[in-house]
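Biologist: Hi! Could you walk me through this one? I'll ask things as they come up.

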Amino acid sequence: MIPNTAVDAFSAKGISEPTAITARNTAVLVVDMENDFCVEGGAMVLPGYEKLIGPQLAVIDAAREAGGPIVFITDAHRPGVHRDREFLKRSRHCIEGTWGARVVDALKARPDDHYVIKRRYSGFFGTDLDMTLKDLEVDSVVVMGVVTNICVRSTVHDAFFLGYRVFVPEDCVAAPSAREQTSSLFDIATSFGWVTDSTEVARAYSGGGLVGNRFEFA
């Protein structure tokens, strides 16, 4: 949970009205829940990913039951390219066609789910994700996955810029440390969307009420 700390005068001007999730028009975006980032033996594992699986499955199951689309966004880098921009900053990972680039088995991805391959941090940059969501008549997204302050945050930013309402369940995303987690969720809550949790999102998918921001601007 985001700590209840004093808010600076600038951030206190944020607007945080609760809002509803309409299942048919709200897609779950699962970002980078791949073996290389999550499973022992992966190229760049974020410790503790197991804590995300239960909450993520709760959201996925609720969305499926309500008829909402599930989109798995997977990082995949082509072997043999001369200068992959991510590899200028990060170790080699998620090489296309390898075990490391596959969605973790624990999330039980299905053939009838939607899949988008990305080459950069954001799920929207250079992909057909925006077109896919428009074809699905989606106007809102629930974003979850790893890493909060890199690929999740980049995807959230672009979703907001493209006009989507954005919901981020805090127990469905993870960062390398509490500092990055709190900072990223603070910025999302105050400027880009709603920071909530898996229980509230699952309840909203089943028509159980509004989604509020778990961070109060006061």
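Biologist: Is Phe160 buried, exposed or partly exposed?

Modeller: Phe160 is partly exposed, at 37% relative accessible area. Buried means under 20%, exposed over 50% and partly exposed in between, using a 1.4 Å probe and protein chains only. This is a predicted model, where local features need pLDDT of at least 70 and side-chain atom pairs need 80 or more, while totals for chains, interfaces and linings use all residues. Residues are numbered from 1 along each chain as its sequence is written, and side-chain values use heavy atoms, leaving out hydrogens and water.

Biologist: Good to know. How many aromatic pairs does the structure hold?

Modeller: Six. Rings of Phe, Tyr and Trp (its six-membered ring) pair if their centres lie within 6.5 Å; planes under 30 degrees apart are stacked, over 60 edge-to-face and the rest tilted. Take Phe160 and Phe192: the ring centres are 5.4 Å apart and the planes are at 85°, so this pair is edge-to-face.

Biologist: And what does the pair tie together?

Modeller: Phe160 lies in helix α4 (residues 148–161) and Phe192 in helix α5 (residues 178–192), so the pair ties together parts 32 residues apart in sequence. Helices (H or I, at least four residues) and strands (E, at least two) are DSSP runs, numbered from the N terminus. Phe192 counts as buried, at 17% relative accessibility. Ring pairs also link Phe160, Phe161 and Phe192 into a cluster.

Biologist: Nice. Switching to strands: why is β2 largely enclosed?

Modeller: Six of the six residues of β2 (residues 70–75) are buried, so the rest of the structure largely encloses this strand. Ile70, Phe72 and Thr74 point one way, and Val71, Ile73 and Asp75 the other.

Biologist: Which strands does β2 join?

Modeller: Four bridges join β2 to β1 (residues 26–31), and the two run parallel. Five bridges join β2 to β3 (residues 114–118), also parallel. Strands pair if DSSP finds at least two bridges between them. Val31 stands opposite Ile73 in β2, and Asp75 has Lys118 in β3 as its bridge partner.

Biologist: What about β1 and β4?

Modeller: Six bridges join β1 to β4 (residues 140–146), running parallel.

Biologist: Last one: which residues touch the most other members of the largest nonpolar core?

Modeller: Val28, Leu29, Met33, Leu107 and Leu133, in a core of 62 residues. Such a core is a set of buried Ala, Val, Leu, Ile, Met, Phe, Trp, Tyr and Cys residues joined through side-chain atoms within 4.5 Å. Helix α2 (residues 50–66) gives the most to this core, with seven residues.
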